[in-house]
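Hello,

Here is the structure we spoke about handing over. Please look through it first; my notes follow below.

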Amino acid sequence: PRHLSIAAREQLLLEGGLFKPLHAAEAVWTYEKELHQIHLLLPKQEPGSWSRLFPSEEPLHPGMALKQVLNDDSCQERYMDLTPEAREIVDFHRNYRHARATGKQEWADEMEEDMKLMRLTWGKDNE
């Protein structure tokens with residue numbers, strides 16, 4: 001299928017045509033009640049990375065996607081207050097920027113490939 005629709009309690013949360021087809025029968029979702037987050041695992045029918053989920057989105061380089069997440073102004077936490085997983089992402093981004101700034105292109109390229117494999121989760125607290 002090339003269409004995604006997510007609804008909860010009869011309220012449509014997300015809907016749209018997909019950039020490429022998925023294996024719908026293998027899709028997995030979980031809901032973390034405490035965090036008010038939905039996690040989706042959407043297996044692709046074709047191998048390779050996607051630069052976007054929906055065709056209407058502008059293609060996004062993996063480094064820019066990570067930068068957008070890390071530059072989110074709504075985050076007011078200090079580094080040491082972050083979860084270990086969040087600190088790992090921040091450290092990864094710092095290392096990526098360092099590799100690019102110091103001309104270590106092979107290392108930066110390897111990190112870009114790793115970024116393509118990352119699974120990031122976005123959520124919103126409803127407090």
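In these notes, a residue is buried under 20% relative accessible area, exposed over 50%, and partly exposed in between, using a 1.4 Å probe and protein chains only. The model is predicted, so local features need pLDDT of at least 70 and side-chain atom pairs count only at pLDDT 80 or more, while totals for chains, interfaces and linings use all residues. Residues are numbered from 1 along each chain as its sequence is written, and side-chain values use heavy atoms, with hydrogens and water left out.

Overall layout

The protein chain has three helices and four strands, taken as DSSP runs (helices H or I, at least four residues; strands E, at least two) and numbered from the N terminus. Their order along the sequence is β-β-β-β-α-α-α. Of the 127 residues in the protein chain, 20% are buried. The chain exposes about 9900 Å², and carbon and sulfur atoms supply 51% of that; accessible areas come from the Shrake-Rupley method with a 1.4 Å probe, and for residues only the protein chains shown count as cover.

Salt bridges

The structure holds two salt bridges, each meaning a side-chain nitrogen of Lys or Arg within 4 Å of a carboxyl oxygen of Asp or Glu.

One joins Asp-91 and Arg-94, with the closest N and O atoms 3.9 Å apart. Both residues sit in helix α2 (residues 84-101), and because they are three residues apart there, about one helical turn separates them. Asp-91 is partly exposed at 28% relative accessible area, and Arg-94 is partly exposed at 48%.

The other joins Arg-100 and Glu-112, with the closest N and O atoms 3.4 Å apart. This pair links distant parts of the chain, since Arg-100 is in helix α2 and Glu-112 in helix α3, twelve residues apart. Arg-100 is partly exposed at 44%, whereas Glu-112 is buried at 13%.

Surface patches

Patches are made of residues with over 30% relative accessible area and no salt bridge; like charges are joined within 9 Å, and nonpolar side chains (Val, Leu, Ile, Met, Phe, Trp, Tyr) within 5 Å.

A nonpolar patch on the surface consists of Leu-13, Leu-14, Trp-29, Tyr-31, Ile-38 and Leu-40, together about 570 Å² of accessible area. Strands β2 (11-17), β3 (28-32) and β4 (37-41) each give two or more residues to this patch. Tyr-31 belongs to strand β3 and is partly exposed at 44% relative accessibility.

Regards
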